[in-house]
Amino acid sequence: MISNLAVGIGLRQPHYGEVFERRPALGFLEVHSENFFLDGGASMHVLERARAAYPVSLHGVGLSLGSVDALAERHLAKLQRLVERIEPDLVSEHLSWGGVGGRHFNDLLPLPATREALELMSARVDRVQSVLKRPILIENVSAYVAYGASEMSEFALLAELARRTGCGLLLDLNNLYVNAVNLGLDPLAALNELTPAMIGEMHLAGHTGTDAGLVDTHGTRVCADVWSLYETACRQLGPHPTLIEWDTDLPALDVLLDEADIAASVAARSELADA
Amino acid sequence: MPDLLACEHDIASALGDARESARAARWLAGDAALNERRLAIYRANAAAATTKALSAAYPVIEQVLGPSAFAILAREHQRLAPSTSGDLNELGAALADVVAAHEMGQSLPYLADLARLEWAAHRAYGAADALPFDARAIAQLPAQQQSTIRFVWAAGTALVASRFPIVRIWRIHQAGFDGEFSVDWSTGEVALIAREGLRVAVHAVDGGDAAFIAASLAGEPVGAAAEQALANDAGFDLGRLLTWLITTNVICGYTSEWEP
């Protein structure tokens, strides 16, 4: 069981050696599930070492739950095998689709927030939870476009999904912020849709400004506005296991650990304010 | 009632081909010109995901071509063999064929075989760990039975034959290689790709060894595989080959259906 004050980092290949050598005091490590859809070998060996030393979170990016194509049962079977092998503390996926008609874009594409999408996602999350025999967390994604057909907010859909399926939510504050800026949404209204019991994890990451809007690159430090949103979320929804997520232009491990320290102090402060 | 099926198909068409952008536009809210630039972010993400996955599987091809030519090859792969799985470990099986059909593969004709070697190494990297094998049991079998056994090979073991020196080319592009960079282009090589512990090893094997390994990997009993090796190379030395492959655990067991 990961403490609500736990802060973790994404474990990425260039840091493997240093993490095991230094064993930094971290609440958990998170990896992309698909990177370990392997039968054996050096990567699996690393993940098993990580599991022996830290709680582990398996974060899926390829299940494409919201695709109208049939659910990728072979992908789900690989995830099930990995979950059985690693016995992670957390398993998560996204409110998104990755492709249709057999084609995969290997991206987290946003869904229109419609009742039809809610029905589809509910059925898919039910199926995944019954195969994995455990609740999963579903994350809000960054979006560069909005759908005219949406009938509710993304967070109203997520909250209803959690009520229907018993899944938890992975609240990504950077995605929330990126969407607020790109699509002109109110991030505080989004938080108001949620209850503390729904949240199983939070993500913090950096984005990159472009002339077409903010792009969710996971390649920079967390910006001041996202820290402030994180603090608000911690006060309003309580602290929850929090991840520093960094995927491109990976910096020295110490930069991630520094970000993790900041998150830990924000989370601790929110708890004190609560008491 | 909004139709998710039509929506996803339209968005996918627009992401696959910018000329189809109008199909996405009818589903999107907000400024059309801005939406078009935002769709381009998704197209770039998909292209980057393909390039990154291929780069992980084909580090030597990427070094040989350089990053910009490799990115062009990745676009060609995306066009001819687009990703069909959320598991990017599976992306890239078609690269050798994509290379062979492209002018890059025509001007550098060894590239396709080098790609086959790298794909085999990529598969071997994540293959199941071989269990330890005590080969002394084989020596204790009756002589007639010994020739009937079939070897179990470590998962991921593969042979790639080429009329080019692909093992040599592969080797001089490995990190930390500090030998001579010369390549003897007059000779072809057969690459044996196999997991040795957690490491993926690539060896050049000669004609007799290659014939034995190919036959044994295909399920032939030891005796028949050795006959094929001897037909290929009268000097074939089974004992030397087996000592090497058993010591490295590339041969990791055997099965026997022999009944006296």
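How far apart are the end C-alpha atoms of helix 8 of chain B, and what span should its 15 residues have at 1.5 Å a residue? The legends below begin with that helix.

**View 1. Helix 8 of chain B (residues 111–125).** The end C-alpha atoms of helix 8 of chain B are 21 Å apart, which agrees with the 21 Å that its 15 residues should span at 1.5 Å a residue; the expected span is 1.5 Å times one less than the number of residues. Helices (H or I, at least four residues) and strands (E, at least two) are DSSP runs numbered from the N terminus. Of the 15 residues of helix 8 of chain B, 15 are buried, so this helix is largely enclosed by the rest of the structure. A residue is buried if 20 or more other C-beta atoms, placed from the backbone, lie within 10 Å of its own, exposed if 12 or fewer, and partly exposed in between. This is a predicted model, in which local features need pLDDT of at least 70 and side-chain atom pairs count only at pLDDT 80 or more, while totals for chains, interfaces and linings use all residues. Residues are numbered from 1 along each chain as its sequence is written, and chains are lettered from A and ligands numbered from 1 in the order in which they are written.

**View 2. The side of chain B that touches chain A.** The contact takes 40 residues from chain B and 43 residues from chain A; two residues are in contact if their C-beta atoms, placed from the backbone, lie within 7 Å. On the side of chain B, helix 1 (4–16), strand 1 (28–29) and helix 3 (32–57) are the elements that give two or more residues. This side has 23 nonpolar, eleven polar and six charged residues. Ala, Val, Leu, Ile, Met, Phe, Trp, Tyr, Cys and Pro count as nonpolar, Asp, Glu, Lys and Arg as charged, and the others, Gly among them, as polar.

**View 3. Strand pairing between chain A and chain B.** Strand 6 (residues 146–147) of chain A pairs with strand 1 of chain B in the antiparallel sense over two bridges; strands pair if DSSP finds at least two bridges between them. B:Ala29 is the bridge partner of A:Ala146.

**View 4. Strands 1 and 2 of chain A.** Strand 1 (residues 7–10) of chain A and strand 2 of chain A pair in the parallel sense over three bridges. In strand 2 of chain A, A:Glu30 stands opposite A:Gly10. Four of the five residues of strand 2 (residues 28–32) of chain A are buried, so this strand is largely enclosed by the rest of the structure.
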